[in-house]
Each structure stands twice: as structure tokens, then as C-alpha cells.
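Let's take a walk through a protein model together, one spot at a time. Keep the picture in view and look up each place as we reach it.

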Amino acid sequence: MTNDVTVMGLGLMGTALAEAFLKAGRTTTVWNRSAAKAGTLVAKGASRAATPAGAIAASPLIVVCLSVNENVREVLGTAAETLAGKTVVNLTNGTPRQARELAELVTARGGEYVDGGIMAVPPMISQPEALILYSGSRQAFDTHKDVLGGLGAARYVGTDPGLAALYDLGLLTAMYGMFAGYYHSVALLRTEGVKASEFTPMVRSWMTAMMAGLPGQAADIDSGDYVTDVSSLTNNAAGFPNLIEASREQGVSPELFVPFQALLDRAVAEGHGADGLARLVELLTTPQNTP
Ligand code: NDP
């Protein structure tokens with residue numbers, strides 16, 4: 001008897017994925033390196049597989065969620081002979097290159113491969129707010145999208161298996177950039193006794209107002225026309241040292257923002273001073289010194 005889906009990897013995220021499938025009424029097989037972690041899922045109705053090969057044999061759809069892709073390669077490698085005719089959906093965080101290599105491994109064995117990026121934390125899984133990005137075999141995604149829909153909002157981004165990881169890392173980059181700015185701003189205000197909880201509503205309003213300008217910047221980036229009547233790179237480069245200097249004077253490390261000053265200075269030195277800030281995208285894709 002085959003089940004609807006197998007989940008391999010029952011860490012914090014894998015357990016949430018398996019629970020979501022069970023909640024959606026899908027017959028589910030689970031496997032984890034440390035077998036004890038399957039206990040609560042088995043109590044909720046999951047079937048336990050003793051080996052990776054048994055886990056893959058149990059269902060047509062194999063959802064994998066391990067720490068890193070090296071683990072995925074290792075685990076699938078031990079059960080390679082069972083992959084023919086199966087769809088592997090790998091939700092482990094990784095790089096586009098790793099996803100493409102895993103796609104080759106699976107398709108060479110007669111399986112279908114879909115890579116995924118989970119834009120959510122475990123408690124969000126199965127809620128519509130949980131965005132899950134997918135790329136790779138379109139046919140395999142279409143066949144299994146109803147089952148995968150039990151994990152959250154499914155968004156297919158293209159046939160290249162590396163694309164989901166690229167979108168995932170792009171979104172994470174935007175998130176970390178925002179957090180970096182927020183942490184620096186709170187550190188600055190705290191030097192004068194302003195509490196984070198007092199200052200944060202102001203930061204939220206400011207960032208929300210700034211984010212409203214992103215579609216306009218996107219249009220500039222796509223057209224390559226960076227002419228601005230709002231705020232030039234020259235003005236930004238001239239004002240930015242205040243941020244660095246004030247940080248040092250207040251006893252706050254400027255380490256997150258020194259590289260940004262260098263990028264602004266390079267933009268002006270390369271003759272782009274009259275352009276808007278979005279011009280920096282072009283400099284990032286023609287780096288002077290790749291660290
Ligand atoms: P956990 O650390 O909770 O779980 C890691 C899982 O990987 C466990 O099942 C562990 O097995 C397994 N594992 C590690 N090494 C090996 C190995 N060599 N062979 C077999 N299995 C191995 O991590 P999460 O569940 O939180 O994360 C899993 C993936 O999901 C990661 O890629 C993460 O980036 C991604 N993710 C997680 C999010 C989160 O908020 N947690 C959010 C978005 C993505 P064992 O129990 O035996 O150690």
C-alpha cells in the first residue's frame with residue numbers, strides 16, 4: 001500500500017510539514033535519522049519508515065527537509081535505486097547550484113525533481129501566510145500541487161531547479177538588510193536611553209513610507225534610466241559620513257554601514273553622482289573587488 005506523501009527529515013520544519021499533511025488528511029510516511037523524533041507523528045497517524053529506501057518506496061511524492069543539501073545528497077545517495085518514478089520535492093535551504101546538482105542526481109535515476117524555498121517559520125506552516133517557492137519539473141509540480149498546497153501558498157517560479165533557491169536567497173537578503181538597518185538604528189537611539197519599544201513604531205512608519213518607493217525604483221532598474229529629481233547619489237554620499245561619524249561618537253560600531261559608504265563613494269567616483277540610489281544595483285553586478 002502506498003501513502004500520499006513521505007516526509008524525510010523531522011527537525012523543527014520537517015515535523016511541521018508532516019503535521020500539515022496529516023492535518024490535510026494525507027496519508028503520510030515519515031523518516032528521520034534519529035528515529036525517536038517520529039514518535040509524536042506516528043501517534044497522530046503517520047507511518048514510520050525505518051530506512052531512507054523504505055521512506056522513498058512508500059509514496060509517489062517525497063518531501064525532503066534536512067539541515068543542508070550535503071545531507072540530502074548523502075541520504076538520497078543511500079537509496080538511489082528507489083528514486084525511479086518518484087517526485088522529490090527538496091525544501092532544504094540551499095544555493096541554486098546545489099539545487100541543480102540534486103536535480104541531476106534525481107533525474108539520472110529516473111525521478112522528477114522540484115526544489116523549494118520555505119518563506120515561513122514552522123508555526124506558520126499550513127497557513128496561507130506561509131509562502132513556499134517551487135521550481136524544477138513543471139509536470140511534477142502540477143501533479144502534486146494539491147498535496148503541496150497543504151503546506152501554505154505554493155508559488156511556482158520556473159523550470160530551472162535553481163530558481164526557487166535564488167528567489168529565496170533574494171528575499172532573505174532583503175530581510176537581513178532591513179534587520180541590519182533596524183539593529184543599527186536601535187543601537188544608536190539606545191545610547192541616549194531611548195527604548196527600542198519606544199522608537200520602533202517610528203521606524204515602522206518610516207520604513208513603510210520608504211517601501212512605497214520600491215516599485216518606482218524597480219521601474220528605473222528595469223529601464224536602466226536612473227535620472228532622479230528626488231535624491232542624488234552625490235547628496236547621499238556627502239551626507240552618509242554623518243551616519244558613520246555619529247555612530248562612532250555615540251560608541252556604536254559602524255561596521256554594517258562602512259561598506260555602503262564605500263559603494264556610494266565608488267558610484268560618485270565612476271561618474272554617476274547625478275543618478276538616484278537605484279544605480280547601486282549596477283555597481284553590485286560589476287564589483288570592483290569581490291570580497
Ligand atoms: P533542524 O535542525 O530542526 O532539523 C534538521 C534535520 O536535518 C533533522 O531532521 C536532522 O536529523 C536532519 N539531519 C541533519 N544532518 C543530517 C544527516 N547528516 N543525515 C540525515 N539527516 C540529517 O532544522 P529545521 O527543521 O529548522 O530546518 C530544516 C531546513 O528547513 C533547513 O534547511 C532550514 O534552513 C529550512 N528552513 C527552516 C526554517 C525554520 O524556521 N526552522 C525556515 C525556513 C527554512 P536528526 O534529527 O537525526 O538530527
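Is Leu280 buried or exposed? Leu280 is buried, with a relative accessible area of 7%. Here buried means under 20% relative accessible area, exposed means over 50%, and partly exposed is in between, with a 1.4 Å probe and protein chains only.

Before we go on, a word on what you're looking at. This is a predicted model, where local features need pLDDT of at least 70, side-chain atom pairs count only at pLDDT 80 or more, and totals for chains, interfaces and linings use all residues. Residues are numbered from 1 along each chain as its sequence is written, and side-chain values use heavy atoms, with hydrogens and water left out.

Back to Leu280, which sits in helix α12 (residues 280-284). Helices (H or I, at least four residues) and strands (E, at least two) are DSSP runs, numbered from the N terminus. Who touches Leu280? If you skip residues up to four places away in sequence, Leu280 touches Leu233, Phe260, Leu263, Leu264 and Ala267. Contact means heavy atoms within 4.5 Å. Leu263 is 17 residues from Leu280 along the chain, and the C-alpha atoms of the two are separated by 7.4 Å.

Some of those names come back when we look at a pair of helices. Two packed helices are described by the angle between their axes and the distance between the axes. Axes are lines fitted to C-alpha atoms, for helices over the stretch in contact, and angles run from 0 to 180 degrees between N-to-C directions. Helix α10 (residues 233-250) packs with helix α11 (residues 258-269) at an angle of about 155°, and their axes are 9 Å apart. So α10 and α11 are roughly antiparallel to each other. The cut-offs go like this: angles under 35 degrees count as roughly parallel, over 145 as roughly antiparallel, 65 to 115 as roughly perpendicular, and the rest as oblique.

Which residues make the contact? From α10 they include Leu233, Phe240 and Ile244, and from α11 they include Phe260, Leu264 and Ala267. Sorted by class, the contact of α10 with α11 has 10 nonpolar, three polar and two charged residues. Ala, Val, Leu, Ile, Met, Phe, Trp, Tyr, Cys and Pro count as nonpolar, Asp, Glu, Lys and Arg as charged, and the others, Gly among them, as polar.

Now try another pair. Helix α7 (residues 163-190) and helix α8 (residues 196-211) pack at an angle of about 140°, with axes 10 Å apart. That angle makes α7 oblique to α8. The α7 side of the contact is Met178, Tyr182, Ser185, Val186 and Leu189, while α8 brings in Ala196, Phe199, Thr200, Val203 and Met207. In this contact of α7 with α8 you'll find eight nonpolar residues, two polar ones and no charged ones.

Time for some charged side chains. How many salt bridges are there? The count comes to eight, where a salt bridge is a side-chain nitrogen of Lys or Arg within 4 Å of a carboxyl oxygen of Asp or Glu. One of them joins Arg73 and Glu101, with the closest N and O atoms 4.0 Å apart. Arg73 is in helix α4 (residues 69-77) and Glu101 in helix α5 (residues 96-108), so this pair ties together parts that are 28 residues apart in sequence. Arg73 is partly exposed at a relative accessible area of 37%, and Glu101 is partly exposed too, at 31%.

Glu101 also has a salt bridge with Arg97, and here the closest N and O atoms are 3.1 Å apart. Arg97 and Glu101 both lie in α5, four residues apart, which is about one turn of the helix. Put together, Arg73, Arg97 and Glu101 are linked in a network of salt bridges.

Arg279 and Asp275 form another salt bridge, at 2.9 Å from N to O. Arg279 is buried, with a relative accessible area of 17%, and Asp275 counts as buried at 13%.

Let's finish with two more stops. Thr15 is in helix α1 (residues 12-23), and at 18% relative accessibility Thr15 counts as buried. Val121 is in the loop between β6 (112-119) and β7 (131-136), and Val121 is partly exposed, with a relative accessible area of 47%. The C-alpha atoms of Val121 and Leu12 are separated by 9.0 Å, though these residues are 109 apart along the chain.
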